[in-house]
Amino acid sequence: MIDAQAGGSLCTGASVGRRAGVDRPIVPGVRRFIGPFLDAAADLCLGAACPGCGRPAGRLCLDCRQAIRTGPVAPGWRLACAGLPLWSAGLYAGPLAAVIVAAKDGGRQELCALLGERLAQAVQGLAVELDLTGSGPPLSLVPVPSAAAAVRRRGFDFGLALARRAASRLAGAGLRTRVCPVLTPTRAVADQSGLDAARRRANLDQAWRARPGGLSGHCLVLDDIVTTGASLAEASRALRAAGQRVWGAATVAATADLGPARERGRPQTANG
Ligand SMILES: [Zn+2]
């Protein structure tokens with residue numbers, strides 16, 4: 001059960017970081033004053049830049065961190081192609097998009113903590129809407145699988161890392177979840193970027209399967225970005241084929257152009 005205080009803190013992203021000790025400013029005024037000098041020194045010595053805005057900085061700048069943490073967690077999207085209610089923690093644009101790229105393919109794994117925090121907020125919004133915050137088995141969080149080649153290239157499984165970070169944040173808010181990476185590829189697929197909606201669906205058609213067992217409680221599918229919904233739809237199909245009901249989906253970000261895959265309005269029912 002989400003207690004009101006913890007749940008509220010998770011929804012108001014800026015306070016979460018302070019409570020959890022992330023980016024804790026001991027003397028905020030001093031840090032804000034000397035921060036630009038430290039960033040300038042880092043830029044001078046290392047050529048470092050903020051991964052969110054590109055300005056000289058040795059790390060994610062406070063403006064970008066604040067912009068990402070306080071972005072709207074959007075309900076009400078329904079993936080028509082998968083029949084799933086979907087919550088996302090921001091538009092795939094600006095600092096959020098840049099940070100996702102940096103964490104995913106830019107070697108900035110430390111940014112996964114912030115992205116996992118945002119994914120947790122999307123999961124919590126979804127769980128509250130679906131009335132899944134009560135007692136019972138932990139929610140099963142199923143990340144969309146990464147291609148083996150991508151995992152080798154990055155040195156880690158980005159989707160799985162985000163799901164684990166999100167689960168950790170949700171535990172701190174009193175919502176019990178369990179990360180269940182039960183989806184595995186059945187064949188090689190092309191890179192989805194650059195494909196239109198129809199080609200994305202064809203590219204992922206029957207591309208994954210769900211390993212039997214390992215799931216308990218209500219099942220939610222997680223991904224970093226939703227563009228057309230093809231990945232979430234294939235994940236849902238594979239889980240249903242294994243006899244698992246999928247209740248909804250949550251992502252860190254959604255592109256502004258979900259196109260015909262989306263329908264505005266409150267989700268009606270989860271798919272069976
Ligand atoms: Zn920045």
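How many residues of strand E3 (residues 139-143) are buried?

1. Strand E3 has 5 of its 5 residues buried, where buried stands for 20 or more other C-beta atoms within 10 Å of a residue's own, the C-beta atoms being placed from the backbone. This is a predicted model, in which local features need pLDDT of at least 70 and side-chain atom pairs count only at pLDDT 80 or more, while totals for chains, interfaces and linings use all residues. Residues are numbered from 1 along each chain as its sequence is written.

2. In a regular strand the side chains alternate between the two faces of the sheet. In E3, Leu 139, Leu 141 and Pro 143 lie on one side and Ser 140 and Val 142 on the other, and both faces are covered.

3. E3 runs parallel to strand E4 (residues 177-179), to which 3 bridges join it, and Leu 139 stands opposite Thr 177 there. Strand E7 (residues 219-226) is also parallel to E3 and joined to it by 4 bridges, with Leu 220 as the bridge partner of Leu 141. Strands (E, at least two residues) and helices (H or I, at least four) are DSSP runs, numbered from the N terminus, and two strands pair if DSSP finds at least two bridges between them.

4. Leu 141, Val 142 and Leu 220 are among the residues with the most contacts inside the largest nonpolar core, which has 69 residues; such a core is a set of buried Ala, Val, Leu, Ile, Met, Phe, Trp, Tyr and Cys residues joined through C-beta atoms within 7 Å. Helix H6 (residues 112-129) gives the largest share of this core, 9 residues.

Note on methods:
A residue is buried if 20 or more other C-beta atoms lie within 10 Å of its own, exposed if 12 or fewer, and partly exposed in between; C-beta atoms are placed from the backbone.
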